[in-house]
Structures are given as C-alpha cells and as structure tokens.
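Thanks for coming, everyone. I have one structure to show today. Please have a look at it first, and then we will go through it.

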Amino acid sequence: MDILSQLGDLFLGAAPTVVIVFLLFLFLRWSFWRPLERALAERHATTEGARQQAEKLLNVANEKLRQYEDALRQARTEIYQQQEASRRAALEERNHLVREARERAQASVRQSKLEIAAEVDQAKKALEGESQRLAEEISRTLLAAGERRE
C-alpha cells in the first residue's frame, strides 16, 4: 500500500503541473498556433492563387503564341501565293513578249520574202530584157560579120 499512497501523492503533486501544461497548451494554441495556421492558410491561398493566375497567364500566352503562329503561317501562305502569282504574271508577260517578237520576226521574214521575190521578178525581167538585147546584138553582130565575109 505504501506504493499506492506514494503514487497517489505523486499524481496529486503532478495534477497542478498537468493543469498548467494543459493551460499552456490552450494559451499557445490560441496565441501562437491559430495565427500561425491562419498565416499559413493565407500564404497557401495566396500562393495557390498566384499559381492559378500564373497558369491562366501561361494559357493566355500559349493561346496568343498559337494565334501568332497561325497568323505567321497564313502570312507566309499569302506571300507564297503572291510570289506564285507574280511568277505566273512574269511568265505570261515573257511568253507574250516572245509571241510578239516571233510574230514581228515572221512578219519581217514574210516582208523580206516578198521584197526578195519582187527583186527576183525585177531581175528576171531585167535579165530577159538584157538577154533579148544581147541576143539581138549578137544576131546583128553575126549577121554583120556574115555580110562582110561574103
């Protein structure tokens, strides 16, 4: 029994300490842990809000980047189409100029052929007239020489 009475005295002596520790716990909880938990909750909320806002901004930036890339792709396509149209127009212009030059050359060749044909006709007529004159002259000369020999 002696041990039981010593344990009872020990518990009675420890009871004020337990009450003081319990009161200290309640005081610390009220004055230290609750404000600390509130500050941590606010910090978490602020951090989470900032993270969500950063995520939204990142999504907006990605969307703008996608729109920019689409616009850039479309602009490149338009430029390529304009270049292709310009190239086609240049080829058509060159073909048109080649056709015109070919037509002028053919017209010039036709004109030259006509002029040459006209000159050939004139030369033939001149040669016919000259050959006729030469034939008459040769005939006269031969007849005159024949008459002299007789």
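Where do Phe27 and Trp30 lie, and how many residues apart are they? Both lie in helix H1, three residues apart, about one turn of the helix. Helices here are DSSP runs of H or I with at least four residues, strands are runs of E with at least two, and both are numbered from the N terminus.

Some ground rules. This is a predicted model, where local features need pLDDT of at least 70 and side-chain atom pairs count only at pLDDT 80 or more, while totals for chains, interfaces and linings use all residues. Residues are numbered from 1 along each chain as its sequence is written, and side-chain values use heavy atoms, with hydrogens and water left out.

Now the overall picture. Along the principal axes, the C-alpha trace spans about 205 × 25 × 15 Å.

Two C-alpha distances go with that. Asp9 and Ala126 are 117 residues apart in sequence and 166 Å apart in space. Leu72 and Ser139 are 67 residues apart along the chain, with 97 Å between their C-alpha atoms.

Next, the surface. How much of the protein chain counts as buried? The figure is 0% of the 150 residues. Buried means under 20% relative accessible area, exposed means over 50%, and partly exposed is in between, with a 1.4 Å probe and protein chains only. Asp9, at 55% relative accessibility, counts as exposed. Leu72, at 32%, counts as partly exposed. The accessible surface of the chain comes to about 13,900 Å², and 61% of that belongs to carbon and sulfur atoms. Those areas come from the Shrake-Rupley method with a 1.4 Å probe; for residues, only the protein chains shown count as cover.

On to charges. The chain has 24 positive and 24 negative charges, and their mean positions are 1 Å apart. Lys and Arg count as positive, Asp and Glu as negative; His and the chain ends are not counted. Each charge is placed at NZ of Lys, CZ of Arg, CG of Asp or CD of Glu.

How many salt bridges does the count come to? The count is 10. The rule is a side-chain nitrogen of Lys or Arg within 4 Å of a carboxyl oxygen of Asp or Glu.

Let me take some of them in turn. Arg51 and Glu48 meet at 2.4 Å, N to O. They sit three residues apart in helix H1 (residues 2–149), about one turn. Arg51 is partly exposed at 42%, and Glu48 is partly exposed at 24%.

Glu84 bridges to Arg87 at 2.5 Å, N to O. Again, these two are three residues apart in helix H1, about one helical turn. Glu84 is at 28%, partly exposed; Arg87 is at 42%, also partly exposed.

Then comes Arg133 with Glu130, whose closest N and O atoms are 2.2 Å apart. Both lie in helix H1, three residues apart, about one turn. Arg133 is partly exposed at 38%, and Glu130 is partly exposed at 34%.

There is also a network: salt bridges link Glu63, Arg66, Asp70 and Arg73.

Last, the rings. The count comes to two aromatic pairs. Rings of Phe, Tyr and Trp (its six-membered ring) pair if their centres lie within 6.5 Å; planes under 30 degrees apart count as stacked, over 60 as edge-to-face and the rest as tilted.

Phe25 and Trp33 have ring centres 5.6 Å apart and planes at 65°, so this pair is edge-to-face. Phe25 is partly exposed at 36%, and Trp33 is partly exposed at 34%.

Phe27 and Trp30 have ring centres 6.1 Å apart and planes at 45°, so this pair is tilted. Phe27 is partly exposed at 45%, whereas Trp30 is exposed at 58%.

That is my tour. Over to you.
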